[in-house]
Amino acid sequence: MTIPTFILKNALRNKRRAILSISSVAASLFLLVTLQVALRELTLPPESAGAELRVAVRNRISLTNPLPVRQRSLIEKIPGVAAITPFTWFGGKYKNEGGMTFAQFAIDPKALGTVFAEAKMDMTGYQTFVAKKDSCVIGKITADKYDLKVGDRFSLDSTVYPGSLTFEVAGIYSGTPDDRNMLFRQDYLDDSIGMPGYVGMWWLKVTSPEAMPGVIATVEKSFANSSAEVKAESERAFQLGFISMLGNIRMLVASISTVVVFTLVLVAASTMSMSIRERFRELAVLKALGFRRRELFAFILAESFGLSAAGAVLGIGTAYVLYTYGNISQMTHGILISFEVTPRIIGFAALVAALLGIVSAIAPSLAVTRMSVVQGLKTLD
Amino acid sequence: MASPDNIVVIRDLTKRYSQGDIEVTALNRVSLNIATGEFLALMGPSGSGKSTLLHIIAGVDRPTSGECHVQGVDVARLNESQLADWRNQNIGFIFQTFNLIPVLTAAENVELPLLLTQLNRSQRRKQVAAALDLVGLSDRSHHLPRQLSGGQEQRVAIARALVTDPALIVADEPTGNLDSHSAQDVLTALQSLRRDAGKTIIMVTHDPKAAAFGTRQIHLEKGELS
C-alpha cells in the first residue's frame with residue numbers, strides 16, 4: 001500500500017456519496033462552462049472578414065428611425081467611400097412560424113459583391129439576384145433549416161410593413177460569421193410597400209482602414225443639422241453598441257455563475273465535512289500511530305481535491321466534447337452559430353474546481369488538526 | 001532518578017481537566033516506575049484515571065504537572081510534531097475497539113505505521129508478514145476487518161502495534177470487546193510478546209483474569225495509586 005492508495009480508498013469508501021459528489025461538481029462546472037461560453041458568444045460576436053472596411057450609418061435618433069434615400073448620392077461622393085448599400089429591416093415571418101426566425105434585410109444587389117464580399121455564392125446566383133427584382137439570397141443555415149433551394153418561392157409576412165412579399169431563392173451564400181440572414185432587393189421593397197424614399201440604414205465600404213475615421217467624420221458632418229442626422233461608426237463599434245444593450249444579461253449570467261460556484265462550495269464543503277466527521281475516530285488513531293497534523297491535512301486536501309478534479313474532468317470534459325463536436329446550430333435551432341469552449345474558459349472552470357477542492361478541505365482539516373487524540377478516540381463510530 | 005532498567009519513570013504526575021465548571025483531578029501526584037520487559041496490568045474502577053495515565057505515558061495526552069520519562073525522554077517537553085514521530089517509533093497502541101481502518105485489509109492496516117518510515121515497499125511487506133505471522137494471522141492478510149472475528153481483529157491491531165518494533169506497547173482494555181475465548185488468545189499473544197520479543201507492555205483492564213496475565217498489577221483509585 002502507498003499513501004495515494006490509502007487516500008483513494010478513503011475517498012471511495014462510500015461509493016454512492018463519492019459518485020454523487022463528483023456528479024454535483026461535474027453538473028455545476030458543466031453549467032458554469034456553458035454560462036461562460038454563452039456570455040462570450042453574446043458579448044464577443046465573431047468578426048467578419050470585411051469588418052475593418054465597413055461603416056454603419058444609422059439615424060442619430062435611433063436605429064428604428066429611417067434615413068432618406070437622398071443621402072446616398074451625397075455619401076457616395078465622400079472621398080474614401082468605395083461602395084454603399086441600403087440595409088433595411090423587413091421583419092418577416094416565415095410560413096406558420098410563431099415569430100421571426102431569421103433576419104431579412106433589403107439591400108442593393110450589387111452590394112453582395114462589394115460591401116459584403118465575404119459572402120460566398122456561385123456566380124449564377126449572384127447574376128440572378130442582380131437581374132430579378134423579386135429574388136433573394138439566403139444564408140446556408142437558414143436554407144438548410146427550412147430546406148430551401150435555388151428556384152424555390154416563398155412568402156414572408158412583414159411585422160414592420162403591411163402585407164407580405166413573395167421571393168424566389170436566387171442563391172445560397174455562406175462564409176460569413178452568421179450565415180442565417182436573408183438578403184433581398186431594396187427596390188423590390190420600395191415598389192411593393194409603396195414607401196419609396198426611405199431606407200433603414202446605410203452600410204459603406206471604405207477604400208482603406210486609414211480612410212475610415214475621415215469617412216465617419218465627413219458622413220456625420222454632412223447631415224448635421226438636417227432633418228435626418230446620422231451616426232456613423234465602424235462595424236465593430238456598431239456591434240459593441242448592440243452588446244451594450246446586453247448589459248443586464250451579462251450581469252444576470254455573472255450572478256447565476258456566482259450562485260452556481262457558491263452553491264458548489266457549500267455542497268462540496270458539506271460533503272467533505274460529513275465524510276471527515278464520520279472518520280474522526282480513525283483520524284485520531286492515525287494521529288496516535290504517528291501521523292502529524294500536516295499529513296492528515298494533506299490526506300483531507302488530496303481527497304477533496306481528487307473529488308473536485310474528477311468532477312472537473314467530467315463536467316468540463318462533457319461541455320468541451322458536446323460544444324466542440326456537437327452541432328450547436330442544430331441543437332439551438334440556429335439561435336447560436338458557434339459555442340466555443342476556449343482554453344481561457346477551461347482554465348477558469350479548472351481554477352474554480354481547484355479552489356473548490358482547497359476551500360472544502362479547510363473546515364474539516366481545521367477540525368481534525370484541533371482535535372486531540374484522546375478527544376478523537378472518545379468519538380462514537 | 002531513572003534507573004537504566006526502568007523504561008517508564010513517573011514522578012508526581014498530576015492531570016486536571018475541566019468538565020464544564022467543575023475541575024476534575026484525574027491523576028493526583030502519581031509516581032511510578034515500570035521496568036523494561038515488564039507486563040504491567042493497570043487496574044481500577046471506571047474514572048480512576050488509569051486510561052489517563054496510559055495516554056500520558058503513550059504521549060497522546062499531557063500532564064498538568066509532574067514528569068513522565070519514557071526511555072529517558074520527558075514526553076511532556078516534546079512538541080506536537082516531535083511527539084508524533086516519537087509515538088511512531090516508540091509506542092505500539094492497542095485499543096479496546098480495535099480501531100482498524102475498515103477499507104483497508106489486515107495487511108494494509110498493519111502497514112499503516114510503516115508508511116511514516118523510510119522503509120521501501122518490499123521491506124514494509126516483509127515486516128507486515130512477520131507481524132501477522134507472529135499473531136497467527138498470515139492466512140488472513142487480505143481480509144477486510146469486517147471479514148474477521150473480534151479476536152482476529154484485535155490480533156491484527158496487535159500486529160499493527162508491534163510492526164514498527166516499539167519498545168513499549170500500551171493496551172487500553174484490549175479484551176473489553178471480546179468473548180472469553182478470544183480474550184484468552186489476545187492475552188496469550190501479549191504475554192508471548194513480552195516473553196519472546198522482550199516488549200514492555202502496559203495494559204489497562206478492570207478484569208482480574210486479564211490482569212493475571214501481567215507480571216505486575218497496580219491499582220488506581222480516584223487518581224492515586226493504592
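Start where the chains meet: select the 20 residues of chain B that are in contact with 16 residues of chain A. Here, two residues are in contact if their C-beta atoms, placed from the backbone, lie within 7 Å. On the chain B side, look for helix 2 (80–90) and helix 3 (106–111), which each supply at least two residues. Helix 2 of chain B gives the most, with six residues. Colour this side of chain B by class and you get 10 nonpolar, four polar and six charged residues. For those classes, Ala, Val, Leu, Ile, Met, Phe, Trp, Tyr, Cys and Pro count as nonpolar, Asp, Glu, Lys and Arg as charged, and the others, Gly among them, as polar. Helices (H or I, at least four residues) and strands (E, at least two) are DSSP runs, numbered from the N terminus.

A word on what you're looking at: this is a predicted model, where local features need pLDDT of at least 70, side-chain atom pairs count only at pLDDT 80 or more, and totals for chains, interfaces and linings use all residues. Residues are numbered from 1 along each chain as its sequence is written, while chains are lettered from A and ligands numbered from 1 in the order in which they are written.

Next, stay in chain B and select strand 3 (residues 39–43) and strand 9 (residues 216–221): they run parallel, joined by four bridges. Strands pair if DSSP finds at least two bridges between them. Which residue of strand 9 is the bridge partner of B:Ala41? Click on B:Gln217.

One pair to show is B:Glu221 with B:Glu224. This hairpin has two residues between the strands, and B:Lys222 takes a positive phi near 55°.

Hop over to chain A and show helix 1 (residues 3–11) with helix 11 (residues 293–325): their axes come within 10 Å and cross at roughly 60°. Axes are lines fitted to C-alpha atoms, for helices over the stretch in contact, and angles run from 0 to 180 degrees between N-to-C directions. The two helices are therefore oblique to each other (under 35 degrees is roughly parallel, over 145 roughly antiparallel, 65 to 115 roughly perpendicular and the rest oblique). Show A:Ile7, A:Asn10 and A:Ala11 of helix 1, which meet residues of helix 11 including A:Phe299 and A:Leu307.
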